[in-house]
Amino acid sequence: MVHTRATTKKIELGQLPEDNAVVLSPAKKQRRDGVESFKKRHRGKPSQLCQLNLDVLFLLAEYVHPLDLLNLARTCKSLRALLMDKSSALAWKTARCQVQYDLPDCPADLTEPEYANLVFYARCHGCGKYVKKILWAIRRRYCPECRDGRLRRLSSCPDIIRNNLVLPAETLKADGAQWVDNEQVNSFMRDYNRSSDDKQFLSEKREQYYTIRQHAVKCEYWEHDVALERRYDLDSRRQERYDSMFENLQQHGYAPEITYFGRHEIQQSHKSYFNTSKPLTDKAWSQIWPELLETMNKFRSRRLEKTVYQPRRDLLDLEYATYVASPAQGTRAFDILPHVTDIARFPPFRDVIYAPEGAEMGAKPFDSAFAQLPVLVDEWKKQLDDDFAKLVKIPARLSFKHASGGRGVASSSAARMESTQAPTDKLRLACAVFVDNTVACYPELLSCLPVSDSIDYSEPNLSILDRFNVKFLEEAPYIVHACGLDPHVATAEDMDRRNARLKCLSCNDSRIMPWRDALLHARWCSPPEQTTRSKSPRCQWQIISDEHMDAIQTAELSLSEKPRIRSLERCLLCRPCVGEATYRDGFTSHFVVL
């Protein structure tokens, strides 16, 4: 009696008596209509190829490479036994005939599978690593590591091998010495010791030696031809990809960049994209195009900069030089004009410079922009005043009530300076002195700024303070304070009326200097090093008593000392302009231009 598992469980638990147990058979799965039953797939096995007729196998060999036969023989034992049998030699020979450039026939010392393995299976015969070099004379492929243990110098072999041409040797380029295979040496010595007729044995080995050498030379020539053809094929593929790359770039509108820079410079930017032999498919192009697009846009920017934008800037330079040197009647006068590099950044001029490449410019494209120049200069000057005023930092402790000696000299402009709260009023102070390559007040310093020809125009809002290393002379407030004036309100006129003389106590210079010379001295004075946290001035000053002023001025008039440094000067015939100051010997070329 067969019980189901559910019924058996109820009987064990006492829920159903064993006599009344219902005998049920396991439920069978019913087949649903419209659903086909699953059929097991019968897969073919490589060993089933052995059941083919040999004529069919030889016919298949006409369409395969010898390396394919090698791989097929390594799939299973039955195929290996079939293909390694001597009866399958015709299949190997038929496959070998498909190789280009007529590979030399299989030598007598090797079987067809051994010959195919030597020629086409690029693996070391010792360790199995990838090896490209074939040692044709000794019928081996060895990696550099296996050569050390499996080869030996011919000069170290027994005399019977060294003095007779019985074993083929391979000459390696590394040292130029001749090497033979250890296994072949040992095999030769065993056969030589067993032979009954040494002369006959050596004669056969010599004949075999010459046969192997001749075959090895043929194989080397074949290998050279195959490598040469491979090289030509790769070069043609690279050239095809090279042409396809530039053809695509031209289709995207970069023909002017290719003509201007040349293909070589563009190729050097992405050598891996141009020099590969892989065909340029649509998928490959879509993968490299984003990076190429960024590079080609940089080439386009460089080309436009040199061929379009820079010539327009040169034209602006000529027109602006005429505007500065020979202003038209009724032209408004300015206390300082921007440099041409700042003019080129003004929006009206920038729009003309960066107009599209093929836009009509006319003979004088900047006339409309020059009409707006007075308003642009006013805005530029106002921003410049604010930037320089922010640099002036006067210590609060140098106020009027802390003047040296307790005697502060009243400033005529103190009340007026305190009543106005404009930040630019700081620029009228005597201590508003700035340092770049020289020491000067504002705006005289602007004429002395060293304007370079190599200027970055990519930043349209780059100010003068960003382009030059202009700093506030922190010693200036202390010099004004040492003269007895309040640096917060004292102007240059107040300092000139004060007409004090000072002496530096921080260095070995014993000169008595006016306050303007003291500013220049403070720029280059080198006192003993102080701690970075020190709030005291770098130089200590001593004011000379007014009692000695007459004697000092008399001595100054009697001195005819030449200036020790070359000073920058500007042409008074031209309008004041940023960076126009030059040394006196440079005025010759300036007047020639005028």
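A residue counts as partly exposed when its relative accessible area lies between the buried range, under 20%, and the exposed range, over 50%. In this predicted model, asparagine 499 has a relative accessible area of 29% and is therefore partly exposed. Asparagine 499 sits in the loop that links α23 (492-498) to β7 (501-504). Its backbone is worth a look as well: phi of asparagine 499 is near 50°, a positive value in a residue other than glycine. For context, most residues other than glycine have a negative phi.

With a relative accessible area of 5%, arginine 139 falls under the 20% cut-off and so is buried.

Turning to helix packing, helix α10 (residues 198-251) and helix α14 (residues 282-325) meet at an angle of about 60°, and their axes are 12 Å apart. Because of that angle, α10 is oblique to α14. The crossing in which α10 passes α14 is right-handed. On the α10 side, the contact is formed by Arg241, Met245, Asn248 and Leu249, while α14 contributes Trp285, Ile288, Trp289, Leu292 and Met296.

Key. Residues numbered from 1 in each chain as written. Predicted model: local features only at pLDDT ≥ 70, side-chain atom pairs only at ≥ 80, totals over all residues. Heavy atoms only, no water. Axes fitted to C-alpha atoms, helices over the stretch in contact; angles between N-to-C directions. Helix = DSSP H or I, 4+ residues; strand = E, 2+ residues; numbered from the N terminus. Parallel < 35°, antiparallel > 145°, perpendicular 65-115°, else oblique. Left-handed = near helix turned anticlockwise from the far one by under 90°. Contact = heavy atoms within 4.5 Å. Buried < 20%, exposed > 50% of the residue type's maximum accessible area, 1.4 Å probe, protein only.
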